[in-house]
Amino acid sequence: MESPAEQWARYRRALGGERLPAGLIDLAALRANIDRLVGAARAGGKTLRIATKSVRSPRVLELIASRGGAVVRGLMTYTAAETAFLASLGHADLLLAYPCVSARDAALLAAVNAGGQRAAVVADALDHLSPLEAAARAHATRIPVVVDLDPSYRPLRGAAHIGVRRSPLHGAAEVVALARAIASSPHLEFAGVMAYEAHLAGVPDRPASRVRGVAMRLMKHLARPELALLRRDTLDRLHESGLAPRLVNGGGSGSIESSCADPSLTEVTAGSGFLASHLFDGYRELDVVPAAYFALEVVRRPGDGLVTCLGGGYVASGAAGLDRLPKVVLPAGLSLLPQEGAGEVQTPLRVAKGVELALGDPVFFRHAKAGELAEHLEEYLLVDGDTIVERAKTYRGLGRCFLG
Ligand SMILES: Cc1ncc(COP(=O)(O)O)c(C=O)c1O
């Protein structure tokens, strides 16, 4: 087992004279994570769809897909423009997992389908269908539409809501009604159901607070059977109505085991688990190793036991909290200063006794979220052992920004 000191020295050798900040993917770790996630899908008889928002580099997507083999099928995308971009690179099985409401975005999806590739999109309301229908008609094609069911845990007869706020569809009857409307349109195709359990996949079992951890594990224990029932009931009702879904998608990295065990799903999604950003450290179901880092350069010493690095303010989105800050990991014995956190241009660090850092040395951090790191970098340096074997451009490095 490699020690943190050995790992730091290895990455430092790999970076050599690279300009910092730099992003680094450890290929051995990435391979282990692909095998872990793909292995879970294979064991559960599912295919695995890659969540592109948690990767944001076409080359890294390709590496995951090629190692995953036939189990990896399709990409889950996050905007229409990104979907069209990935289609232009040859990806032919795309599912846009967030609704598309403008004529311009609908036209992008229609053009992909008219060109012979498959770009499906989720919908959760009749209003979502009109722009899709108009664009499909104009392109003389059909757009596959997946109904987005919200499987949040809603105890007390729905008075409590534990989950994300996305789709308003909470039950089988609502899904059937929308599926029927889709199937009755000559320009749309009812393609299936997505029921993403964010309250399981996006909530760690071991958060910083032990009390919260107990509460979250109890919630998950109660929510899992409800989720399985809801999905089963929805599928039964669709079948009874003659609306057999082609795909039933669910899951995320954080729920990989339980999602793969749900017989209702035909496919599971995973993204963050491949690069294993630090918000995914505290999950019982996810046994992966950190694969993505960013390196900052030590540029000054403001006092005893302190160094300051250039750059570093890569703070993650979501409810603001300390867990959104990057984690400084290599060498061991460094910590952020609570007064400053990670600064855009300067990040000071406390250095434990015995840790030696020279000016110009790299310090390695992990981002809280896997995909967002790529928004700060033009490329990932792909490292095997202590050597950069390839450079993988991020969307940003390719001049693309899909949420900007
Ligand atoms: C619809 C949907 N499915 C699946 C996922 C899981 O992705 P990841 O494995 O990156 O957590 C997400 C993440 O937010 C999502 O929005």
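Trainee: How many nonpolar, polar and charged residues does the lining of the largest cavity have?
Mentor: This is a predicted model, where local features need pLDDT of at least 70, side-chain atom pairs count only at pLDDT 80 or more, and totals for chains, interfaces and linings use all residues. Residues are numbered from 1 along each chain as its sequence is written, and side-chain values use heavy atoms, with hydrogens and water left out. Ala, Val, Leu, Ile, Met, Phe, Trp, Tyr, Cys and Pro count as nonpolar, Asp, Glu, Lys and Arg as charged, and the others, Gly among them, as polar. For the largest cavity, that gives six nonpolar, one polar and three charged residues.

Trainee: What volume does the largest cavity have?
Mentor: On a 1 Å grid over the protein atoms alone, a cavity is a set of points where a 1.4 Å probe fits but cannot get out, and lining residues have an atom within 4 Å of a point. Grid points are joined across faces, edges and corners, and the volume is the space filled by probe spheres set on them. The lining includes Asp148, Arg166 and Tyr196. The volume of the largest cavity is about 80 Å³.

Trainee: How much space lies in the second largest cavity?
Mentor: The search of the whole structure finds two cavities of 30 Å³ or more. By class, its lining has five nonpolar, three polar and two charged residues. The space in it is about 50 Å³.

Trainee: Which elements give two or more residues to the lining of the second largest pocket?
Mentor: A pocket is an open set of points with protein on both sides within 12 Å along at least five of seven lines. The second largest pocket holds about 400 Å³, and among its 17 lining residues the closest to its centre are Arg19, Pro21, His376, Leu377 and Glu378. Helices (H or I, at least four residues) and strands (E, at least two) are DSSP runs, numbered from the N terminus. The elements asked for are β1 (22-26) and β16 (379-384).

Trainee: Where is proline 21 placed?
Mentor: Start with its peptide bond. The bond from leucine 20 to proline 21 is cis, with omega near 0°. Proline 21 sits in the loop between α1 (4-15) and β1.

Trainee: How do the rings of phenylalanine 85 and phenylalanine 402 pair?
Mentor: Phenylalanine 85 lies in helix α4 (residues 80-88), and phenylalanine 402 in the segment after β17 (387-393), 317 residues apart. Both phenylalanines are buried. Their ring centres are 5.6 Å apart and their planes are at 40°, so the pair is tilted.

Trainee: And what kind of pair do tyrosine 395 and phenylalanine 402 form?
Mentor: Tyrosine 395 is buried, like phenylalanine 402. The ring centres lie 5.1 Å apart with the planes at 90°, so the pair is edge-to-face.

Trainee: Which residues does threonine 47 touch?
Mentor: Threonine 47 is in strand β2 (residues 47-51). It is buried, at 13% relative accessible area. Contact means heavy atoms within 4.5 Å. Leaving out residues up to four places away in sequence, threonine 47 touches Val71, Arg73, Thr266, Glu267 and Val268.

Trainee: How far apart are the C-alpha centres of domain 1 and domain 2?
Mentor: The bounds come from an automatic or database domain assignment. It gives domain 1 (4-23 + 288-398) and domain 2 (29-275). In contact are 19 residues of domain 1 and 25 residues of domain 2. The distance between the C-alpha centres is 32 Å.

Trainee: Does arginine 157 count as buried or exposed?
Mentor: Arginine 157 lies in the loop between β6 and α7. It has a positive phi of about 55°, although it is not a glycine. At 88% relative accessibility, arginine 157 counts as exposed.

Key
Rings of Phe, Tyr and Trp (its six-membered ring) pair if their centres lie within 6.5 Å; planes under 30 degrees apart count as stacked, over 60 as edge-to-face and the rest as tilted. Buried means under 20% relative accessible area, exposed over 50%, partly exposed in between (1.4 Å probe, protein chains only).
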